[in-house]
Amino acid sequence: MKPADARALDALDDRITLTAAISTDFDPLTVLGADSLLDDHRVDVIDGLAAVCDEVEVAGSGYRHWSMRTQARQHVLQTMATRPDFTTLLDAIDVPPNDLFARYLRDGLRGADLDALIPPEGAPTPPGVAVDLDCLLRAVRFLEAVPGVGAETGHLERRVRRQIALTEAHNALQAVIPKRLVGREREYAALLEYRTSVLATARDWVPSFVLVGPGGVGKSALVSTFVSDQRREPGASPLIYLDFDRATLIDATPLDLTFEFTRQLGLAESALDQMLAEFRQRSRSLLGGRENLNIDIGGGTSSAALRDLAALLAGWPRRTAAVTIVLDTFEEVAIRGVTPVRDVLQWVAELRNTVQLQQIHLVVCGRAVIPDAPHLPPDEVAAMFNVQREWPLEDLVTDKAVELLTVLGVEPGLAIRFPPVFGGNPLVLKLIHRFVTTNDPDEVDQLLEDGEKARRDAPSGEVGLRFVYERILSRINKPRVRALAYPGVVLRRVTPELILNVLVPTCPVPLDVTTPLDAQEAFTELAEHVWLVTRVGPDTVVHRADVRRLLVPGLEHSTEIDTKAIHRAAAKYYAARPASVASDVAEIEEIYHRGFLNDIPEDMTEPQADDVARRLGGDLEYWPVPARATVKSLAGRHDQLTEEEVASLKASQQRLTRGARLEKRLASSDVDSAAYEEAQLELLDTGAAIPDSRWALLFDRGDFEFMTESSRVLSAFDRYFAADRSSTLSSPSSSPTHEHPWYIALAISMVARGERPLFSDAALDRLDSSWGEVPRYGAALAALAGDIPAHTRIIGRVRGEIPPRLDLARVDDIVVCQAAASRDHSDDPATAFRTSSCDQFRLSHIGAIATGAGDRALADRVAEKTDQYATRRPNTNELNHFRATLARAYLNLGGANELRAAPTTLSFLYGAIRTILAPLDRTSFLDIVRGLEQRSVFWPVDLTADALEPTLRTTLTPNDLTALIETADRCGLIVDLIDAAASKTNTRLSLQLASGIRRIEGLLFPFAKPRAELPSMK
């Protein structure tokens, strides 16, 4: 807040100032006095208050009220709270009864116990007590800054936050829990039996209870009721509910799942809540602010987080009890292929093994949970689920279907007549209830009669739903409304204007609509059928999504109804952007109808396609295969395409999608799936250049000779440094050392062929016209590959533009600068480097780096920890606490030579190292760990061979390998790791890596402290 504004506030009348500071909003005419607003001597006072307030709309008021801004509120409360008459001033303030924020804030300032507003853990809110938790939290935050009050509110804020989280979790379940679960007693009992059983822990994958069934059969109703009931049981063991229909979980990484698991575990166990919140904050800080892009960048942090969690829960009394994890709507994961499914199930297995939660019970629920994996044997895919029990959920039996109808409110005598005709799908029965409550008895009788005449054999699932909808539609008395509903259901929204301009010209049944007045009457008749449409505006209804999505597929294949004509007319109508339709609505509706015509704009950009996919949601899946595949591909949602959809794409889009999937599979270290995508890419190869996504896979498996063929290299670099890229971007990417140019340069370094041309003259010319990080990246690549002429030319340009001081926010920034400076023995470029996080460097060298930078305090702190760890090995929890402090440590490194004495982690090499470690058996893996652990004081005790041996799985997972590689790297032992692996595998790749990594380390950090001088265990 500006000093002048503060002075103006201090000059105001105390009552006015305090009223404004406490109230959510206030009426300026009432608080200031309507008459005084015209007094000349009060203008400055009024202007002073207006300067720190915003105008806000208030329901029921003919003019705007004022709301004081946060900084002004804090200033007023902090200033006035120290006055001896503060309580008297508070008592004089009138607080409107509906302004709960003001009431809580005033009571807290008076010293009232706001803690009493929150019921004890597990207890319901007392009758007649209305507590607005959001208002209470906001008030508590203001109280924290008030002298003499804030010290008392820390615990209260945690309680309020916890109560808000508990309420949100409860409400999320209540949204899908039925009034009473009917007809699922056997399934419920089976779930309960599984939850309380003792499971075997010897196998690699966690035993699971798989619940599958068609849409509408009641899967989510069953599991959500089960979760809610079990959570309310006194002394119940934790039950974690992960619904993959939630946007935050659809693309969740293993680390994201760990965070959500600990959040829900903290809600279940209040004693763990604060500790687990601190754990999440600490683990996030170790990502260094980077996106958790792949296993190389995030895998080490993910593995370390699980070991950290294991240390935190070591003393938890209920660690050996059952912990149930429910994975609901799992078809959202399965549809994206085997890699995401493997990642989730592997995370559950690692949670069991690493955190030592041996009795994890896993419930997997969805329409279909087994992913399509054409490159894997079905048994191998099924093995990941380690199914303990599979329960296909089917329609309710007749008597239970009757019971459900009765519970919903259908008269028992009538309820008994429906299931024999329409089956026992719960969603069908809910629809019948909706029809019964909105229609006359004669209509209901006619529906039953029609159903009996046209009865199908045991309709179930989506087929049964479509059957019921069609029967109900046929019972609409008025032919005009019936025609509006069918085929009019292909429209997502209906207005009188749409009826007149779209449906009348295209409907096969005459609608008897010729004027706008006729259209308005027809619209009003349609709007009365609330089971079919929902009114969203005076002249707008939308078809219920469940109705439309079940009827549209049949309509699209109908030989009697020309739905294409309706779509063309609707697309043309919306393309004209009618004044009566908001432009954004017209835009998405035009695209919706064009999709059914396979008419996707060729110039659609990725953001536009992603917006279309997001706004259409489930409707996208009802488009023809080529249309929906095109939009998904253009939107970058490559994981969501089925094999049929990929095959429908143009060859160029197939290459794009296959390449993106290859990259995603490799990012999860699913080498088999990545190789499958690579094979499909090769089938598409028509002499085109190697797709960018293939280079990392080629490097990881050691195809260095193939990668270094000059024409391939020059072609790839020309594409990467194209004019439209280098002239518009100041940064190559967020992770340049994980992009394909870096892997190409690394491959050239691995084969040690001396100087190699990396850039064509055209690419160098384009680099000359670029700026920022792009030329630095180019210089780093040239140095890495030994292209000395290119490096000399680029570094000359870099030297002229690099600032006197350069902040290095990411590990990649450091490595690129180290590489760029590596072919010059002078301290060039002449700039000073600094970083805001010392956790970017290897733990083994932090002390030497701090000493070299002249930071005595940091060097002493590191030396103290080193001595401590040398006598008592730390666990991952202790190391992560230490690393979290390093992540907040700012350091001026000095010039280029000092920078090149500061080794970082080399995560871009982890994939290749995993390749040589993957064939190791369990015994060899443990032997390597035993050899390494004594060479560094920073090797965590929970990653020693003795600690790993009881829980290490027979088959080593990518995370097992990444944890070993990342730990060795942070301990300065990555070369030792490669040597140890080479001695056991003796493959060409292991030998190439052993020599190649030495060259890379010598290039990047030649002035680092020698390996022999690093601290080891005493």
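# Exercises: helices, sheets and rings

The axes of H49 and helix H52 (residues 958–970) come within 10 Å and cross at roughly 120°. This is a predicted model, in which local features need pLDDT of at least 70 and side-chain atom pairs pLDDT 80 or more, while totals for chains, interfaces and linings use all residues. Residues are numbered from 1 along each chain as its sequence is written, and side-chain values use heavy atoms, without hydrogens and water.

## Exercise 1

State how H49 is set relative to H52, then describe the contact by class.

**Solution**

Step 1. Start with the angle: H49 and H52 cross at roughly 120°. Axes are fitted to C-alpha atoms (for helices, over the stretch in contact), and angles between N-to-C directions run from 0 to 180 degrees.

Step 2. Under 35 degrees is roughly parallel, over 145 roughly antiparallel, 65 to 115 roughly perpendicular, and the rest oblique. H49 is therefore oblique to H52.

Step 3. Take the hand: H49 passes H52 in a right-handed crossing.

Step 4. List the contact (heavy atoms within 4.5 Å). H49 gives Tyr910, Ile913, Arg914 and Leu917, and H52 gives Pro958, Leu961, Thr962, Leu964, Ile965, Glu966 and Asp969.

Step 5. Sort them. The contact of H49 with H52 has seven nonpolar, one polar and three charged residues. (Ala, Val, Leu, Ile, Met, Phe, Trp, Tyr, Cys and Pro are nonpolar; Asp, Glu, Lys and Arg are charged; the others, Gly among them, are polar.)

## Exercise 2

Repeat the steps for helix H49 (residues 910–917) and helix H53 (residues 974–985).

**Solution**

Step 1. The axes of H49 and H53 come within 10 Å and cross at roughly 30°.

Step 2. H49 and H53 are therefore roughly parallel to each other.

Step 3. Here H49 passes H53 in a left-handed crossing.

Step 4. Tyr910, Ile913, Ile916 and Leu917 of H49 touch H53 through Ile974, Leu977, Ile978, Ala981 and Thr985.

Step 5. Eight residues of the contact of H49 with H53 are nonpolar, one is polar and none is charged.

## Exercise 3

Now classify the crossing of H29 with H30.

**Solution**

Step 1. Helix H29 (residues 563–575) and helix H30 (residues 583–596) have axes that come within 8 Å and cross at roughly 155°.

Step 2. H29 and H30 are therefore roughly antiparallel to each other.

Step 3. H29 passes H30 in a left-handed crossing.

Step 4. From H29, the contact takes Lys564, His567, Ala570, Ala571, Tyr574 and Ala575; from H30, it takes Ala586, Glu589, Glu590, His593, Arg594 and Phe596.

Step 5. The contact of H29 with H30 has six nonpolar, two polar and four charged residues.

## Exercise 4

**Solution**

Step 1. Read the order: E4-E5-E6-E3-E7, with parallel pairing. (Strands are DSSP E runs of at least two residues, helices H or I runs of at least four, all numbered from the N terminus; two strands pair if DSSP finds at least two bridges between them.)

Step 2. Strand E4 (239–243) and strand E7 (387–392) are the edges, each pairing on one side only.

Step 3. The twist averages 15° from one strand to the next.

Step 4. Look at one pair. Strand E3 (residues 208–212) runs parallel to E7, with five bridges. Phe209 stands opposite Arg389 in E7.

Step 5. Helix H10 (residues 185–196) touches E3, E4, strand E5 (323–328), strand E6 (360–366) and E7, and its direction makes about 170° with that of E7. Helix H11 (residues 219–232) lies across E3, E4, E5 and E6, at about 150° to E4.

## Exercise 5

**Solution**

Step 1. E9 and strand E10 (residues 540–543) run antiparallel, joined by four bridges.

Step 2. Arg535 stands opposite Val541 in E10. The bridge partner of Gly537 is Thr540.

## Exercise 6

Which class does the ring pair of Phe699 and Tyr743 belong to?

**Solution**

Step 1. The whole structure holds 21 aromatic pairs. (Rings of Phe, Tyr and Trp, its six-membered ring, pair with centres within 6.5 Å; planes under 30 degrees apart are stacked, over 60 edge-to-face, the rest tilted.)

Step 2. Phe699 and Tyr743 have ring centres 5.4 Å apart and planes at 50°, so the pair is tilted.

Step 3. Phe699 lies in helix H36 (residues 694–700) and Tyr743 in helix H40 (residues 740–751), so the pair ties together parts 44 residues apart in sequence.

Technical notes: Left-handed = near helix turned anticlockwise from the far one by under 90°.
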